[in-house]
Amino acid sequence: WLGILRSFVTHTPELLSKMRRAANDDLNDYAMAVHGLKGASYGICAAMIGEEAEFLERAAREGDSRTIVVRGEAFIVSVERLLSELEELLAAAEGEKRERATTPDPALLDELLEADRHFRSLAMDEILTKLERYEYESGGELVEWLRARFEELDYGAIQEKLEEVLPGRQA
């Protein structure tokens, strides 16, 4: 879950910027940005945000610029408030003392590779979360790199890197 929340916090500000830029100029761009925010909000169980995003997306698709002007900015401010609260939550969670390990567990990396090959993103997130519980003497940068590629949905790069790191695991 932390990875999903981290992804929401990372990617949502750009959607909000797009909404602000498009609100007065391009309702189609606005609809696309708010559509992305709608899906992401439902994905983190922020139903009230998702429902308002759905309402604003419908208004934008119908060309109702008045509704966008009246309700859009208040919506963006409420999402920014949620982002702030999530950032505090993530900082607290990430500030917890982590156990130490020599290197990332090869068995977990192998599980991650298999989940990646089958595009099982929920399993990938869970495995990455397990890997992130540790502070590594070496290999910690690999775990950070894997998380960043996962958040970018770059499954091909993850597979290549893990096949390189795990001998004998080429497809």
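A search of the whole structure, a predicted model, finds two aromatic pairs. Phe119 is exposed, at 59% relative accessibility. Tyr155 is buried, at 15%.

The other pair joins Tyr134 and Tyr136. Here the centres are 6.1 Å apart and the planes meet at 40°, so the pair is tilted. Tyr134 is partly exposed, with 29% relative accessibility. Tyr136 is buried, with 13%.

Tyr155 also takes part in a helix contact. The axes of H5 (residues 106-117) and H8 (residues 155-165) come within 9 Å and cross at roughly 145°. The crossing is left-handed. H5 contributes Leu109, Leu112, Leu113, Asp116 and Arg117 to the contact. From H8 come Tyr155, Ile158, Gln159, Leu162, Glu163 and Val165. By class, seven of these residues are nonpolar, one is polar and three are charged.

Helix H7 (residues 140-151) has 12 residues. The helix reaches 17 Å from its first C-alpha to its last, close to the expected 16 Å. Its buried residues are Gly140, Leu142, Val143, Leu146, Arg147, Arg149, Phe150 and Glu151. They pack against H1 (2-22), H5, H6 (121-131), strand S2 (134-136) and H8. Just after H7, Leu153 adopts a positive phi of about 60°.

Definitions and conventions
Residues are numbered from 1 along each chain as its sequence is written. This is a predicted model: local features need pLDDT of at least 70, side-chain atom pairs count only at pLDDT 80 or more; totals for chains, interfaces and linings use all residues. Side-chain values use heavy atoms; hydrogens and water are left out. Axes are lines fitted to C-alpha atoms, for helices over the stretch in contact, and angles run from 0 to 180 degrees between N-to-C directions. Helices (H or I, at least four residues) and strands (E, at least two) are DSSP runs, numbered from the N terminus. A crossing is left-handed if the near helix is turned anticlockwise from the far one by less than a right angle, and right-handed if clockwise. Contact means heavy atoms within 4.5 Å. Ala, Val, Leu, Ile, Met, Phe, Trp, Tyr, Cys and Pro count as nonpolar, Asp, Glu, Lys and Arg as charged, and the others, Gly among them, as polar. The expected span of a helix is 1.5 Å times one less than its number of residues. Buried means under 20% relative accessible area, exposed over 50%, partly exposed in between (1.4 Å probe, protein chains only). Rings of Phe, Tyr and Trp (its six-membered ring) pair if their centres lie within 6.5 Å; planes under 30 degrees apart count as stacked, over 60 as edge-to-face and the rest as tilted.
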